[in-house]
Amino acid sequence: MKQRKTYVKSIDAVFGKRDAAAEIRDLIEINWVEWRGERLALGPALGDVVGLSIERESISWALLGPRGPIASATVDVPLFPLDGEPASAETLRQIVAAALRDAGDAVAPGPLAGVGVAWPGPIDLDGNPYPVDWTGFDFGPAPGVDLRELILAAIDEAGLKVQDAGGDRGPAATLVNEADADLLYEARLGVGSGIGDLLGVKIGGGISLSLIHGGQLVRGHAGRAGGVEHIKVRYEDFALPDKWANVRELDELDVCSCNGSNCIARFATGKRIIDQLRDYDDVGATYNERGRKIEAEFQKDVVSAVFGRAGRLVGQALLGPVLAFDPERIVVSAFPRSSNLLQGIRTSLTDGTRVHLIPEDIVFAGRFRERTAAGAGWLVVEQTVIPRMEGAVTGTAKLRRFELPHFLRSQVPADEHVVSGFAALQSTNGDRDLIVD
Ligand SMILES: [Zn+2]
C-alpha cells in the first residue's frame, strides 16, 4: 500500500525544523528511524540494510543503522583458503545463507532495503565480479556460476526478503570490491571521516588500493582502479641482516601470479608476510590462525623486522599512486597488522621523497572487525536508502545534502552520485515512492 502523501507532509514538516533533537522524534513518527535497544535503526518505512563481507577464510555481516553499524559478527570458515581448495558454489551459497540467517536475528520484520556484498576481487561497472580466469586470481566461484544469483538464492534460503528485488529501484544485492567497501566505511564513519581525498591500502590475501576523490569512490574506466599487485619494487635493496636465520628471504618466495619476480604482491601481502616467518610455519593452522599468532607476538624482533621491511616495500610501490593522486590522508588496513608495518610505509613514503604528507597523515584503519561488511552495507544506504528519502520529499526536484536529516548530513558528500558508474545509480529516478506494508 502506497502512503506517499501522508509521508510527504510529515517529512516536509521535519525538514522545516532544522533541529536535530526534534528531528529524531519526528523521524520516528514517520517510521524512517526507530530505537532498537539503545541503537538508532532504520525504520520500517525504509527497511534494514545488511552488509556482508566474503573473505578468503571468514565471512562477516553488519546491520546498518543511520549512524553506522548496530550489530555485526564474523565467522571463521574456509571459503577460498590461501593454501587449500576453494569452496564449491553450493558450499559458498550455504555459508552466505548461514551468515544472513545469523544477521536475520538482528533485523526487524519486513523486507530489507538492500544487501551490500564486499568481494575480494575487482567488480565490473555492471556490478559483477570479473571471471576468475580473467583476473588471474586463484579463487572465486567456478566458471559459469553467477555470484549475484548465488547471493540472491542465499538471501532466499535465509528467509529474508528484499524490497523491490530486481525492480527499477536497483539490484537487491549490490556487489562492491572489498578495498572500496573498506575505504567507504573509513571515509564516512571511521578515521577518514570529513576528508574528501583519501587513498586506502588493503593488505591481506592480496594487496589493493582504493581511492576516494571529492567524496566519491573512484573505480576507473572498467572498475579495476587500484589493482596495484604488479607494481615493481627494488626488493634487492631490502635484505635483512644475517642474524635472522629463521626468515625466508625475499627471493625465496614464490614468484607473483603473473610470473613477475619484482611485483609488490610477491613480497608484502599479508600471506607473504606470514610466509616469511618460518617460526609460524605451522601447517595445521590456517593463515588466519597463523596471522593472529604473529600479531600477538609483534614485539618479537624477527616479527617487527619482517613487518618493517614489508612496510618499506609497500611505501615504495605506493610512491607513484600517491604522487599522482595527492591524497590528504592514507588509510592502511592490514591483516596481519603491526605498528612496524605502518612505520615502514611512513618512512618509505615521506623520507626524502616529494610526497606532501607527514608521517601522521598515514594511519591505520580502525580495529572494528566488520568494517568491510559495514562499508558494503553503507554503500546501499547511500545508493538506495538516501535516494528514497530524497524522492519522498516534495517541493524541490532533488534533496541536497544540507536538507538531509541531521544524522546523515555529515556522513554524505555534497555530490549527488556516490559512486560513478554503478548500475544501481543509473536505474534511479526522481519520482520514487515510499512503500510500506
Ligand atoms: Zn605480478
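Biologist: What share of the contacts in the protein with a separation of 6 or more comes from residues 24 or more positions apart?
Modeller: Those residues account for 69% of them. A contact here means heavy atoms within 4.5 Å.

Biologist: What sort of model is this, and what needs a pLDDT of at least 70?
Modeller: This is a predicted model, where local features need pLDDT of at least 70 and side-chain atom pairs count only at 80 or more, while totals for chains, interfaces and linings use all residues. Residues are numbered from 1 along each chain as its sequence is written, and side-chain values use heavy atoms, leaving out hydrogens and water.

Biologist: Thanks! How many helices and strands are there?
Modeller: The protein has 13 helices and 12 strands. Both are DSSP runs numbered from the N terminus: helices are H or I with at least four residues, and strands are E with at least two.

Biologist: And how much of the protein counts as buried?
Modeller: Of its 437 residues, 56% do. Buried means under 20% relative accessible area, exposed means over 50%, and partly exposed is in between (1.4 Å probe, protein chains only).

Biologist: Let's pick a strand. Why is strand 6 described as largely enclosed?
Modeller: In strand 6 (residues 114–119), 6 of the 6 residues are buried, so the rest of the structure largely encloses it.

Biologist: Which residues sit on each side of strand 6?
Modeller: Gly 114, Gly 116 and Ala 118 are on one side, with Val 115, Val 117 and Trp 119 on the other, and all of them are buried. In a regular strand, side chains alternate between the two faces of the sheet.

Biologist: How about strands 8 and 9: parallel or antiparallel?
Modeller: They run antiparallel and are joined by 6 bridges. The two form a hairpin with 3 residues between them, and Leu 199 is opposite Leu 211 in strand 9. Strand 9 (residues 207–213) is mostly covered, with 6 of its 7 residues buried.

Biologist: How many bridges join strand 9 to strand 10?
Modeller: There are 3, and strand 9 and strand 10 (residues 216–218) run antiparallel. Ile 212 has Leu 217 as its bridge partner in strand 10. That hairpin has 2 residues between the strands, and Gly 214 in it takes a positive phi near 55 degrees.

Biologist: Back to strand 8. Is Lys 202 buried or exposed?
Modeller: Lys 202 lies in strand 8 (residues 198–203) and counts as buried, at 15% relative accessibility.

Biologist: Which side chain does Lys 202 join in a polar contact?
Modeller: That of Asp 182, at 3.4 Å. A polar contact is a pair of N or O atoms within 3.5 Å; within protein, one must be able to donate a hydrogen and the other to accept it, and residues adjacent in sequence count only if both atoms are side-chain atoms. Leaving aside residues up to four places away in sequence, Lys 202 also touches others, including Glu 178, Ile 207 and Arg 371.

Biologist: New topic: which residues coordinate the zinc ion?
Modeller: His 230 (ND1), Cys 256 (SG), Cys 258 (SG) and Cys 263 (SG) do, at 2.0 to 2.3 Å. Donors are N, O and S atoms within 2.8 Å of the metal (3.2 Å for Na, K and Ca); water is not among the atoms, so sites may look incomplete.

Biologist: What geometry does the zinc site have?
Modeller: It is tetrahedral, with angles of 98 to 123 degrees among the 4 donor atoms. Four donors count as tetrahedral if all angles lie between 85 and 135 degrees. The ideal angle for four tetrahedral donors is 109.5 degrees.

Biologist: Is Cys 263 buried or exposed?
Modeller: Cys 263 is buried, at 0% relative accessibility, whereas Cys 258 is partly exposed at 38%.

Biologist: And how many disulfides does the structure hold?
Modeller: It holds 0; a disulfide is a pair of cysteine sulfur atoms within 2.5 Å.

Biologist: Last one: which peptide bond is cis, with omega near -5 degrees?
Modeller: The one from Phe 335 to Pro 336. Pro 336 is in the loop between strand 11 (329–334) and helix 10 (339–350).

Terms used
Four donors count as tetrahedral if all angles lie between 85 and 135 degrees; four count as square planar and six as octahedral if opposite donors are over 155 degrees apart and all others between 65 and 115; anything else is irregular. Two strands pair if DSSP finds at least two bridges between them.
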